[in-house]
Amino acid sequence: MSFGTKEYQERIRKTKERMASKGIEVLLITNPSNMNYLSGYDGWSFYVHQMLIVIDDEDQPIWVGRTMDANAAKLTTWLYHDNIIPYPDYYVQSDTLHPMSFIADVLKQIGQDKRSVGVEMENYYFTARCYEELKKGLPNADFKDASTLVNWVRLIKSDQEIDYMKIAGTFAEKAMMDGINLIGEGVRECDVAAKILHSQVTGTAEHGGDYPAIMPLLPSGEKTSTPHLTWTDQRYKFGETVILELAGCYRRYHAPLARTVNIGRPSDTLKALADITVEGLNACLDMIKPGIALEEVEETWRKTIERSGHVKESRLGYPIGLSYPPDWGEHTASIRKGDKTILQPNMAFHMIPGMWFDSSGFEVSESFYITETGCETFAKLPRELFIKDGALVDY
């Protein structure tokens, strides 16, 4: 397990407190990040249906999943083996059977079928058919939306979680510089991606890396006008701008990072955009501390870039931590206008003030956590537009 039993028990306690406040007696979890957070379960099995069941008056959750994955639950969780219940393989991708009907039968057998049941409705891993099968199998249950119930519990990290993210930050530094140093005229995008992926997984001499929740994002040239492109087998051209957004990942804990590179002399427009974006990011990092609201951080950013006539409509950042594909965000608070979430020590965020226009863009980001007096970034790289003139970039 990544954590001791005591920490998992404390997470369960906080989850049950939130369940009680929402009138939920049985919580059905399909988000693999939340499943890992409460049980330690860690396997690439989220492509089939699996579930963690938290019951208000039971000390341990119940894990239900495919038979061939049951041993993974025994190996990675703190649960008693009696709390690990496999369903037969003939439920997998069947036209006539569904794992949620199996789970409904389990809940009926243990007397939980007439209670208030929370489900993660807004969730990549919970389909419309999942909900229909559960309702059909549990006609007397009172269903409630519990989409981000556990996500909000995860918002404040333990010291050990922060330590894992610090390690991930060192991976992000190394992967970023390995990518930047390979970028150059005539180099294939896919080769840069391969270098980054190798660096992410290799990690450092002390710690090895995990697969990240998002593949390296590497838009170049006019593709820098949009943030979420990966790579092709095209070769970089002289004068092109390249955006790199990636993350270090250690024991599923992420530290994302973004930087921008120009191959050769950048335009005056790009240099000016880089300067104001970095200025805005630095202004935010300087003012962040416990007790302020996220909307105050966004206001600082907005007032800084307004001086140069720029406007950013998308949010400025979001909480990060434990995640599985396809996203490293926690889906709770956002650094944007109107979000009154108050910053507390050991909250962690990815602040990414990317600026995208019709045919170009610039990104620089930092992952950071809230300390007792301010904030600390997980990575320690210069915040600037990197310029490649053929030489290695030293930091």
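**Close-ups of the predicted model**

**View 1. Helices H7 and H8 meet through Phe171, Lys174, Ala175, Asp178, Gly179 and Leu182 of H7 and Asp191, Val192, Lys195, Ile196, Ser199 and Gln200 of H8.** Sorted by type, the residues of this contact are 5 nonpolar, 3 polar and 4 charged (nonpolar: Ala, Val, Leu, Ile, Met, Phe, Trp, Tyr, Cys, Pro; charged: Asp, Glu, Lys, Arg; polar: the others, Gly among them). Contact here is heavy atoms within 4.5 Å. This is a predicted model, where local features need pLDDT of at least 70 and side-chain atom pairs count only at pLDDT 80 or more, while totals for chains, interfaces and linings use all residues. Residues are numbered from 1 along each chain as its sequence is written, and side-chain values use heavy atoms, with hydrogens and water left out.

**View 2. How do the axes of H7 and H8 cross?** The axis of H7 and that of H8 (residues 189–202) come within 8 Å, and they cross at roughly 160 degrees. Axes are lines fitted to C-alpha atoms, for helices over the stretch in contact, with angles from 0 to 180 degrees between N-to-C directions. The two helices H7 and H8 are therefore roughly antiparallel (over 145 degrees; under 35 is roughly parallel, 65 to 115 roughly perpendicular, the rest oblique). The crossing of H7 and H8 is right-handed, meaning that the near helix is turned clockwise from the far one by less than a right angle.

**View 3. Strands S7, S8 and S15 make an open sheet of 3 strands, in that order, with mixed pairing.** S7 (241–250) and S15 (385–388) sit at the edges with a single partner strand each, so one side of each has no neighbour in the sheet. On average, neighbouring strands of this sheet are turned by 35 degrees against each other, direction ignored. Zoom in on S7 and S8 (residues 253–263) and you'll find an antiparallel pair over 10 bridges; two strands pair if DSSP finds at least two bridges between them. Look for alanine 247, which stands opposite proline 256 in S8. Helices (H or I, at least four residues) and strands (E, at least two) are DSSP runs, numbered from the N terminus.

**View 4. Helix H7 lies across the sheet strands S7, S8 and S15.** H7 spans residues 159–182 and runs at about 20 degrees to S8.

**View 5. Helices H9 and H10 cross at roughly 150 degrees, with their axes coming within 9 Å.** H9 covers residues 268–287 and H10 covers residues 294–306. They are therefore roughly antiparallel to each other, and H9 passes H10 in a right-handed crossing. From H9, the contact uses Ile276, Thr277, Glu279, Gly280, Leu281, Ala283, Cys284 and Met287; from H10, Glu296, Val297, Thr300, Trp301, Thr304 and Ile305. Count by type in the contact of H9 with H10 and you get 8 nonpolar, 4 polar and 2 charged residues.

View 6. Proline 325 and proline 326 are joined by a cis peptide bond, with omega at about 15 degrees.
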